[in-house]
Amino acid sequence: MIDARATAEQRTYERTVLVDADALAATYPGARVPALSSVTFRVHSGERVAVLGPNGGGKSTLFRILTGELGSSYGTLELPRGRVALVPQTDRSRLDFPVSALDVALMGAVARLPWYRRPARSDRELARLSLARVGLAGEAGTSFGDLSGGQRQRVLVARALVQDARLLALDEPFSGLDTPSAELLEELLADLAAEGRGVLMATHDLEQAWAADLVLCLNRVQLAFGTPATALTREVIERTYGSAIVPIDGSRAVLPPHHHGADQSEPNPRGGFYRGGRAR
Amino acid sequence: MIDWLVSPLESEFVVRALGELLLLAVLAGTLGVWIVLRGMSYGAESLAHGMLPGLVLAALAGIPLAAGGLGGLVVAALAIALVGRVPRLDPDVAVSVIVTSLLGVGVLLALSPRTPAGLGALLFGDVLAVTDGDLLLTGAVCAATAAALALLHGGLLVVGFDPLGAGALGRGAGRYDAVLAVLLALATLAAVQALGSLLVVAMLVGPAATARLTCRRVGPMMITAGLIAAVSSVAGMYLSYYAETGAGASVACVIAAAYAVVLGARSAIDTARRRGGRGLLAPRGSEARA
C-alpha cells in the first residue's frame with residue numbers, strides 16, 4: 001500500500017480547490033424530505049477522500065449532484081475545475097453489450113461533446129493513452145465483458161480520464177475485486193492523486209477510510225468531515241452505520257452491508273467483515 | 001441457371017418489390033440493431049399490431065394507408081398510456097391487453113365478409129403491389145433514420161451500455177429511447193405496405209437478433225443485420241416466385257430460418273467451449289481473465 005502522506009509531500013502540482021460545497025442539500029423529484037442535507041466540504045487537488053455511509057445514506061446522491069445529474073435544492077456548490085467524472089460499479093453496466101474496452105473509454109469523449117458531434121481521431125488517441133495510463137494498453141480491442149472485474153473497473157477509470165475530469169468519483173470501486181486487482185486499482189488511484197487529481201471514493205470499508213487523506217461521513221446528513229483521525233470517532237461511526245455495529249471477538253466490527261443484493265454472493269476480498277480501526 | 005435467376009427479374013413487380021425490401025434491409029441493419037440492443041422488440045411488435053385498425057379504416061375510407069396507420073399508432077399509444085395508469089396493473093399486461101384488443105378489432109374489420117376483398121393484405125402486406133410513392137416514402141424514412149442514428153451513435157452507445165449511469169455522462173436514456181420510438185413508428189409505417197401488420201416485426205427485429213448472436217461490436221452487427229435482411233429478402237422473393245407462396249411471408253420465413261440456424265450453431269459452439277474446447281473454439285480474450 002502506498003502511504004498517502006508521503007505522496008502528498010512529493011507533490012509537484014499546484015494545489016487548487018476542486019470542490020467547494022457549502023450547506024448542500026438535494027431532494028429527489030416527488031420526495032418531501034431531502035435525500036441528503038448539510039453537506040459542507042472542500043477537496044483540493046491531490047486529495048483522496050473516502051465517502052463513508054450506509055446504503056441509502058446519500059453517497060450516490062452526492063455523486064449525482066457533483067456530476068450535475070441532480071440539482072441541489074439548497075446551499076452552494078463550486079466546481080472551479082469543471083464537472084466531476086463518475087466511475088460507476090462495473091456490475092451495473094451490461095456485460096453482454098457489444099463494445100470493446102476502447103469503445104467504453106471513448107464514451108468519456110462523448111460526454112464532453114455536444115450531442116451531434118462524433119469523437120474525433122484525437123479523442124480516439126486520448127482514449128488509447130488513457131487505457132495505457134490504467135495499464136490496459138494491450139486490452140483496447142478486448143470486449144468489455146471479457147475483462148476481469150478489476151480490468152473493467154480500470155477501463156471505467158480510463159473513461160473518466162478521457163472526460164478530462166480533475167476529480168473522479170468512484171462508487172465502491174473495490175467491491176467484488178480480488179486482492180491483486182484491488183492492489184492494482186489502489187496503486188492507480190494513488191498515482192492519479194499524486195499527479196494532482198482529486199479522488200472521491202464511496203465505500204463501506206472503514207479500513208479504506210483510514211487509508212484515505214480525508215473522510216466524509218454521510219447518513220442522510222453530513223456527520224463528519226476531516227482527516228481519518230479526527231473524523232472516525234466511535235460516535236461518528238455509530239451514527240454513520242446506525243445500529244449495524246456489533247461487538248465481534250471483543251473488538252468493534254461493522255456488519256457487511258447487503259448492497260444491491262448482489263454483494264451477498266460475492267465474498268468480500270478483505271476477509272468478510274470490515275473491522276474498524278484494526279490496523280491502528 | 002442464369003435463366004432461373006433472371007426470369008423473376010423480368011417482372012416489374014418483382015423488381016419493385018426487391019427495391020422496397022432492400023430499402024427495408026437498411027432499416028433492419030440500422031434501426032433494428034438499436035431496437036434489439038435497447039430491448040424494444042416487444043414495443044416494436046406492439047406498435048405494428050396496434051396500428052392495424054387504423055390501417056383497415058384508412059383502406060375502407062380510401063385515404064392513404066400511412067395516414068390511417070399514423071392515426072392507429074396515436075390511438076394505440078393513448079390507450080396504452082391510459083390503461084398503464086390503472087393501479088396494480090403491470091405495464092406489460094396493459095400493453096398486451098390493448099394491443100391484442102386492437103389487433104382483434106383490426107382482424108375483425110379486415111376479414112368481415114362485407115369489407116371489400118384485399119384488406120386481408122393489411123395483415124400480411126403485399127410487397128408486389130408497392131407503388132412509386134411507397135418506395136419514395138421508404139427511401140425518405142431510410143435516409144432520415146440513417147442520418148439520425150449516425151448523429152446519435154455515441155449517445156446511443158452510452159445509453160445502451162449503462163442506461164442508469166448514462167445521466168452522469170450527460171446522456172439521459174429517456175430522450176434516446178423517445179427518438180428510437182419515433183423512428184420505429186416511422187419505419188413501421190413505411191414497411192407496413194410491403195409486409196403487413198403481422199410481418200413488419202420479422203424484418204425490423206429478426207436480422208438484428210440474428211446478428212446479435214454472432215457480433216461483438218455494434219458496427220459489424222449493423223452490417224451483418226443489413227446483409228442478413230438483404231439476402232433473406234432476395235431468397236424470400238425467389239422462394240415466393242418459384243414455390244408460389246406469399247412474398248412477404250416467404251421473406252419472413254427465411255429471416256426466421258436464418259435466426260434458427262445461427263442460434264443452433266451458436267448453442268453448439270458454446271456447448272463445445274464449456275466442455276473444455278481449446279484452440280479455435282476457445283473464447284476470445286479468455287487468456288486476459290485474471
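What share of the 290 residues of chain B count as buried? In this predicted model, the figure is 46%.

Chain B is built from 11 helices and has zero strands. Read from the N terminus, its elements follow the order α-α-α-α-α-α-α-α-α-α-α. The radius of gyration of chain B is 20 Å, close to the 19 Å that the globule rule gives for 290 residues, so chain B is as compact as a globular protein of that length. Along the principal axes, its C-alpha atoms fill a box of roughly 70 × 60 × 35 Å. Among the contacts in chain B with a separation of 6 or more, 69% come from residues 24 or more positions apart.

Ile98(B) lies in helix α6 of chain B, which spans residues 91-111. Is Ile98(B) buried or exposed? A residue counts as buried when 20 or more other C-beta atoms lie within 10 Å of its own. Ile98(B) has 23 other C-beta atoms within 10 Å, so it is buried. Leaving aside residues up to four places away in sequence, Ile98(B) touches Gly50(B), Ala76(B), Ala79(B), Ile80(B) and Val83(B). Ala77(B) is 21 residues from Ile98(B) in sequence, and the two C-alpha atoms are 9.3 Å apart in space.

The next stop is the place where the two chains meet. Here 26 residues of chain B are in contact with 30 residues of chain A. On the side of chain B that touches chain A, the elements giving two or more residues are α8 (132-161) and α10 (218-243) of chain B. The largest share, nine residues, comes from α8(B). By type, the residues on this side of chain B divide into 13 nonpolar, eight polar and five charged.

Why is strand β3 of chain A, residues 48-52, described as largely enclosed by the rest of the structure? Five of its five residues are buried, so the rest of the structure largely encloses β3(A). In a regular strand the side chains alternate between the two faces of the sheet. In β3(A), Arg48(A), Ala50(A) and Leu52(A) point one way, Val49(A) and Val51(A) point the other way, and all are buried. Five bridges link β3(A) in the parallel sense to strand β7 of chain A, residues 198-203, with Leu200(A) in β7(A) as the bridge partner of Val49(A). Strand β8 of chain A, residues 214-219, also runs parallel to β3(A) and is joined to it by four bridges. In β8(A), Cys217(A) is the bridge partner of Leu52(A).

Strand β6 of chain A, residues 167-171, is mostly covered, with five of its five residues buried. Leu167(A), Ala169(A) and Asp171(A) lie on one side, Leu168(A) and Leu170(A) lie on the other, and all are buried. Three bridges pair β6(A) in the parallel sense with strand β5 of chain A, residues 85-87, where Ala85(A) stands opposite Leu168(A). β6(A) also pairs with β7(A) in the parallel sense, over five bridges, and Leu168(A) has Val199(A) as its bridge partner in β7(A). Together with helix α6 of chain A, residues 179-194, the strands β6(A) and β7(A) make a right-handed β-α-β unit.

Terms used: Residues are numbered from 1 along each chain as its sequence is written. Chains are lettered from A and ligands numbered from 1 in the order in which they are written. This is a predicted model: local features need pLDDT of at least 70, side-chain atom pairs count only at pLDDT 80 or more; totals for chains, interfaces and linings use all residues. A residue is buried if 20 or more other C-beta atoms lie within 10 Å of its own, exposed if 12 or fewer, and partly exposed in between; C-beta atoms are placed from the backbone. Two strands pair if DSSP finds at least two bridges between them. Two residues are in contact if their C-beta atoms, placed from the backbone, lie within 7 Å. Ala, Val, Leu, Ile, Met, Phe, Trp, Tyr, Cys and Pro count as nonpolar, Asp, Glu, Lys and Arg as charged, and the others, Gly among them, as polar. The radius of gyration is taken over C-alpha atoms; the globule rule is 2.2 Å times the number of residues to the power 0.38. A crossover is right-handed if, with the strands pointing away from the viewer, the path from the first strand over the helix to the second runs clockwise.
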